[in-house]
Amino acid sequence: MRKPVRIAPSILAADFANLGKEVTAISEAGADYIHLDVMDGHFVPNISFGPTVIKSLRNYTDKVFDCHLMISPVDPFIPEFVTAGADIITLHQEAGAHLHRSIQLVKSYGKKVGVSLNPATPASTLELVMDEVDLVLVMSVNPGFGGQKFIPSQLDKIRTLRSMIDETGRDIDLQVDGGINVETAPLAIEAGADLLVAGSAAFKGGPDHYAANIKALLGRS
Ligand code: DX5
Ligand code: ZN
């Protein structure tokens, strides 16, 4: 049975001068997870924030901290994200040569583990780790920046991953990230996604609009 669709707003689109308040506001507005985009200026052409900021934000919400690590190497930094309060640690399939080892490392800390695929990486690269993961993240833009346009070819990949997940019979979130708005969210959901990341579309208009933004993305307005 399909899980209800949930939303993980990305604070990349929040007001960085008021991050604590922003995290509280988006939590109260109906966020299920808080999506934390970590960028290193090496794996992706942008730098965002790291574990110190995440640790400070832990005081502002009880929501699940969904950490999307766009960093390479990733393994040496996992302990710091665990200490910072991450609940789910998602790393990129493309971030290193030893995906299976990285997955085991996250699991060794008792945390949930996700694997993310860049737009050019096929679903089949996850066949041999489906029994290990708690979340699969389909990047529907090239990672690095908020506010980009949804890449439609990723819908077929979501469909393929939906079948792969269903075949396992395991509880695996199928997350989509990038260019999600009121037009693209229904397409991603129809293809099988059950966890939407939204940056610009969730935070647009400021705190008074967050609840309405989230409802609209979930098709409940
Ligand atoms: C991109 C990030 C996304 C991004 C989404 O590298 O992983 O989470 O912030 O932003 P929007 O929703 O604006 O495309
Ligand atoms: Zn992300």
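The questions and answers below concern this structure.

Author: This is a predicted model, in which local features need pLDDT of at least 70 and side-chain atom pairs count only at pLDDT 80 or more, whereas totals for chains, interfaces and linings use all residues. Residues are numbered from 1 along each chain as its sequence is written, chains are lettered from A and ligands numbered from 1 in the order in which they are written, and side-chain values use heavy atoms, with hydrogens and water left out.

Reader: Which geometry does the site of the zinc ion (ligand 2) have?

Author: His35 (NE2), Asp37 (OD), His68 (ND1) and Asp177 (OD) coordinate the zinc ion (ligand 2) at 2.0 to 2.3 Å. Donors are N, O and S atoms within 2.8 Å of the metal (3.2 Å for Na, K and Ca). Six donors count as octahedral if opposite donors are over 155 degrees apart and all others between 65 and 115. With 6 donor atoms and angles of 66 to 168 degrees, the site of the zinc ion (ligand 2) is octahedral.

Reader: How many residues apart in sequence are the parts that Asp37 and Asp177 tie together?

Author: The donor residues of the zinc ion (ligand 2) follow the spacing H-x1-D-x30-H-x108-D. Strands are DSSP runs of at least two residues, numbered from the N terminus. Asp37 lies in strand E2 (residues 33-39) and Asp177 in strand E7 (residues 173-177), so the pair ties together parts whose separation in sequence is 140 residues.

Reader: What share of the area that ligand 1 exposes alone does the protein bury?

Author: A polar side-chain atom of Asp37 lies 2.6 Å from an oxygen atom of ligand 1, and an N or O atom in the side chain of Asp177 is 2.7 Å from an oxygen atom of ligand 1. From Gly199, a backbone N or O atom lies 2.7 Å from an oxygen atom of ligand 1. Taken alone, ligand 1 exposes 380 Å² (Shrake-Rupley method, 1.4 Å probe); of that, the protein buries 99%.

Reader: Which residue in E7 does Val138 stand opposite?

Author: Strand E6 (residues 135-139) pairs with E7 in the parallel sense over 5 bridges, where pairing requires at least two DSSP bridges. The residue in E7 opposite Val138 is Val176.

Key. Four donors count as tetrahedral if all angles lie between 85 and 135 degrees; four count as square planar and six as octahedral if opposite donors are over 155 degrees apart and all others between 65 and 115; anything else is irregular. Helices (H or I, at least four residues) and strands (E, at least two) are DSSP runs, numbered from the N terminus. A polar contact is a pair of N or O atoms within 3.5 Å; within protein, one must be able to donate a hydrogen and the other to accept it, and residues adjacent in sequence count only if both atoms are side-chain atoms.
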